[in-house]
Amino acid sequence: MVATISILAFLTAVLLAVSAGWLALRRAGKKAKRQAFYAILAFILSLATAWGNLTGEQPPSPANQARPPVAQTASPPPGTAPDTSTSQEKPPGASNQPAASGKLRVHYLDVGQGDAILVQMPDGKNILIDGGTSDAGPDVVQKLKQYGVEILDFVIGTHPHEDHIGGLDLVINSFPVGKVYLPRVTHNTDSYRDLLLAIKNKGLKATEAKAGVALPLEGSIQALFVSPARKTYEDLNDYSAVLHLTYGQTAFLFTGDAGTTVEEEMLAGGKPLKADVLKVAHHGSRYSTSTAFLKAVAPWYAVISVGKGNDYSHPHAQTLQRLQKAGVKIYRTDRDGTITALSDGQKVTIQ
Amino acid sequence: MQSKSERSRIMPRRELLVIDRFEEDMAVIEYGRHTFTLPRSLLPRAAKEGDVIKLAVVLDPEATARRKKEVRSLADDVFEG
């Protein structure tokens, strides 16, 4: 409609301009001037309508601008969500870049003296790393529900100590679970036996968590176990499944209770350790988080999962000093409650 | 609440005391679904994580009597009149 008006106006402008020129050649001055004036008016009208036509049919939007050239040439039929066409037509190389709206959330849950960490991925999948003590089990289940968890795609028990796996049997009995990862070591406690029974009764199998094993994730997230590398250790803490998770340009390190011996082993093995956020091992015990390890991880933020007034004086002053000396900002669940780290793939912010 | 005999009938297995871990000079002992800590010095030197332990609590009437006498004598000094 607008297009036809602009074409008609343009043709009129051309006709009037030609006739004005012809009149000018015939030296009919007054008439030629009038015709030229009309020609210019018609030309301006044609330009104005043509401009309105362009902007009206193709409004410039951020989605259109961000779309790759392939998607621009093929105009999507009305009613098609622009997002789907974009993701389908994305070149393979672009899959490493997270979607602009995709946020990774890591909740270091306040479960008293123990560990329980919920990772919520941009695609809605959930990873739970440890489930607190046996006593904290019901609280962990409730907190997971608060964060909208319906399915736990991955459950990781870092090592068999009760303050890490005590609540996991209740968690496994309360949610549908995809895969369970545990280091290949057993413990004689009821809590560990109950965890194995919960896995068995659900018809699940445990996958061995060890250095080199990666979670089967898609897109711009990678999660790789960087420890344990050996078959046997003296201390159960050292069997801790240590997970290095990257999302775009950002990274997280989850250390369980791994001690300095294992830290040295990871450093010697050249494992990926660099991370924006470090879950400080063993509730800030002095037997973890060595200066050399901190130098390799080089975190901006450290999270210590620790119970108020615990019997073991966690976190130890030496560990806090090492973190402070390295210029790391420290967050503690005993003071700050549940700590949430948010990553957009470029940058991590703490809430 | 179940009576003692009912409970032992339903759960013939006595709840074990298992060393879950050591933290500093404390041993964390699992007893059923709960944990408590014991000073490590109270455990045999050879005790390791995962060891099942037996606790035998024995009353010591002589030490009780000695302590009672000592505290009473101290109280006599401290109280007026």
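This note sets out points on chain A and on one surface patch of chain B in a predicted model.

1. Overall make-up of chain A. The secondary structure of chain A consists of 13 helices and 14 strands. Of the 351 residues in this chain, 48% are buried.

2. The six-stranded sheet. Chain A contains an open sheet of 6 strands, ordered β7-β8-β9-β10-β11-β12, in which the pairing is mixed. The edge positions are taken by β7 (221–227) and β12 (329–332) of chain A; each has a single partner strand, so one side of each lacks a neighbour in the sheet. From one strand to the next, the twist averages 20 degrees.

3. The β11–β12 pair. As background, strands of a sheet pair through backbone hydrogen bonds, in either a parallel or an antiparallel sense. In chain A, strand β11 (residues 301–304) pairs with β12(A) in the parallel sense, over 4 bridges. Within this pair, I304(A) stands opposite R332(A), the latter belonging to β12(A). Helix α12 (residues 317–325) of chain A packs on the sheet and touches both β11 and β12 of that chain. The direction of helix α12 of chain A makes about 140 degrees with that of β12(A).

4. T246(A) in strand β8. T246(A) lies in strand β8 of chain A, which spans residues 242–247. Is T246(A) buried or exposed? Its relative accessibility is 19%, and T246(A) therefore counts as buried, given that the cut-off for burial is under 20%. Leaving aside residues up to four places away in sequence, T246(A) touches S220(A), I221(A), Q222(A) and A251(A). One of these, I221(A), falls within the range of the edge strand β7 (221–227).

5. A nonpolar patch on chain B. Which residues form the nonpolar patch on the surface? The patch is made of L74(B), V78(B) and F79(B), which together have about 370 Å² of accessible area. V78(B) belongs to helix α2 of chain B, a helix covering residues 61–78. V78(B) counts as exposed because its relative accessibility is 63%, against a cut-off of over 50%. In these terms V78(B) is exposed, whereas T246(A) is buried.

Key. Residues numbered from 1 in each chain as written. Chains lettered and ligands numbered in written order. Predicted model: local features only at pLDDT ≥ 70, side-chain atom pairs only at ≥ 80, totals over all residues. Heavy atoms only, no water. Patch = residues over 30% accessible without salt bridge, like charges linked within 9 Å, V, L, I, M, F, W, Y side chains within 5 Å. Areas by Shrake-Rupley, 256 points an atom, 1.4 Å probe, with all protein chains shown as cover. Salt bridge = Lys/Arg side-chain N within 4 Å of Asp/Glu carboxyl O. Helix = DSSP H or I, 4+ residues; strand = E, 2+ residues; numbered from the N terminus. Buried < 20%, exposed > 50% of the residue type's maximum accessible area, 1.4 Å probe, protein only. Contact = heavy atoms within 4.5 Å. Pairing = 2+ DSSP bridges. Axes fitted to C-alpha atoms, helices over the stretch in contact; angles between N-to-C directions.
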